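Below are some notes for a colleague who has not seen this structure before.

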Amino acid sequence: MPGEDRLHANDGASRKRRKMDRDHHSATNTPADAIVLSSDAHCEHEKSLRTLQTDLEAMRQLITCKICLKFLYEPYALTCGHTYCYSCIMNWMGKDQAQQKKKTCPDCRTIIREQPAPSYLIKEMVLIFSNRVELLPDGETSEEHHAMAREEAEIVAKDKADTDEETGGLFQGRFKRGGRLNPVLAIRDVSDNVFRCPNCAFEIQRN
């Protein structure tokens with residue numbers, strides 16, 4: 001019948017339109033949801049990066065000398081706990097014995113009676129940062145830091161090689177008494193009942 005044919009044709013067309021509408025709805029909505037999820041993930045990633053940058057900057061400050069504002073290439077810890085470059089401590093106390101100032105901490109002004117000890121942990125952290133350009137502040141290179149580290153190491157090596165009984169050795173004899181280091185420097189190892197050097201932990205033989 002012609003009427004029935006038209007009815008079937010209309011039903012078929014309606015079903016086709018409904019299917020097209022569903023397909024269009026899926027095509028338009030699903031990508032939008034994906035975009036929202038992608039945007040949220042991107043925001044979280046950016047937030048994590050900002051937090052990481054803040055943490056890295058805080059770590060850089062911890063391994064930076066408060067006097068010269070450079071990395072602590074040859075860090076030496078004072079008895080009060082503050083740490084500075086070897087050369088900065090020397091400059092603070094006076095470059096030679098004739099100009100020697102009172103031995104105090106540049107930060108808290110605690111009187112320093114014992115020879116500062118090298119801080120190996122900080123030195124290792126400095127190496128990690130200086131060897132990775134992505135961890136350095138913008139515009140700085142590993143080569144520049146390596147050059148400054150060599151310069152500081154040469155200053156320490158020069159003083160170590162000086163064998164003068166009065167002005168030789170680390171800190172140019174400032175912590176010597178009668179040609180020897182202050183015996184208070186020795187650390188007592190209770191487990192072995194011996195005294196050890198605070199710099200190398202080697203046993204000190206007592207006379």
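1. Leu136 sits in the loop that runs between helix 3 (120-131) and helix 4. The model is predicted. The relative accessibility of Leu136 is 5%, so the residue counts as buried, the cut-off being under 20%.

2. What does Leu136 touch, once residues up to four places away in sequence are set aside? The partners are Arg60, Phe71, Phe129, Ser130, Thr141, Ser142 and His145. Leu56 lies 80 residues from Leu136 in sequence, yet their C-alpha atoms are 9.2 Å apart.

3. Phe71, one of the residues touched by Leu136, also belongs to the largest nonpolar core, which has 26 residues. Phe71 is among those with the most contacts inside this core, together with Tyr76, Tyr86, Ile89, Val126 and Phe171. At least two core residues come from each of strand 2 (83-85), helix 2 (86-93) and helix 3. Helix 2 gives the largest share, five residues. In soluble globular proteins, nonpolar side chains tend to be buried together.

4. Phe171 is in contact with Tyr76, Tyr86, Ile89, Met90, Gln115, Pro116 and Asp159, leaving aside neighbours within four places in sequence.

5. Helix 1 provides the largest share, three residues.

6. The space in the second largest pocket is about 210 Å³. By type, its lining consists of six nonpolar, three polar and five charged residues.

Note on methods:
Residues are numbered from 1 along each chain as its sequence is written. This is a predicted model: local features need pLDDT of at least 70, side-chain atom pairs count only at pLDDT 80 or more; totals for chains, interfaces and linings use all residues. Side-chain values use heavy atoms; hydrogens and water are left out. On a 1 Å grid over the protein atoms alone, a cavity is a set of points where a 1.4 Å probe fits but cannot get out, and a pocket is an open set with protein on both sides within 12 Å along at least five of seven lines; lining residues have an atom within 4 Å of a point. Grid points are joined across faces, edges and corners, and a volume is the space filled by probe spheres set on the points. Helices (H or I, at least four residues) and strands (E, at least two) are DSSP runs, numbered from the N terminus. Ala, Val, Leu, Ile, Met, Phe, Trp, Tyr, Cys and Pro count as nonpolar, Asp, Glu, Lys and Arg as charged, and the others, Gly among them, as polar. Buried means under 20% relative accessible area, exposed over 50%, partly exposed in between (1.4 Å probe, protein chains only). Contact means heavy atoms within 4.5 Å. A nonpolar core is a set of buried Ala, Val, Leu, Ile, Met, Phe, Trp, Tyr and Cys residues joined through side-chain atoms within 4.5 Å.
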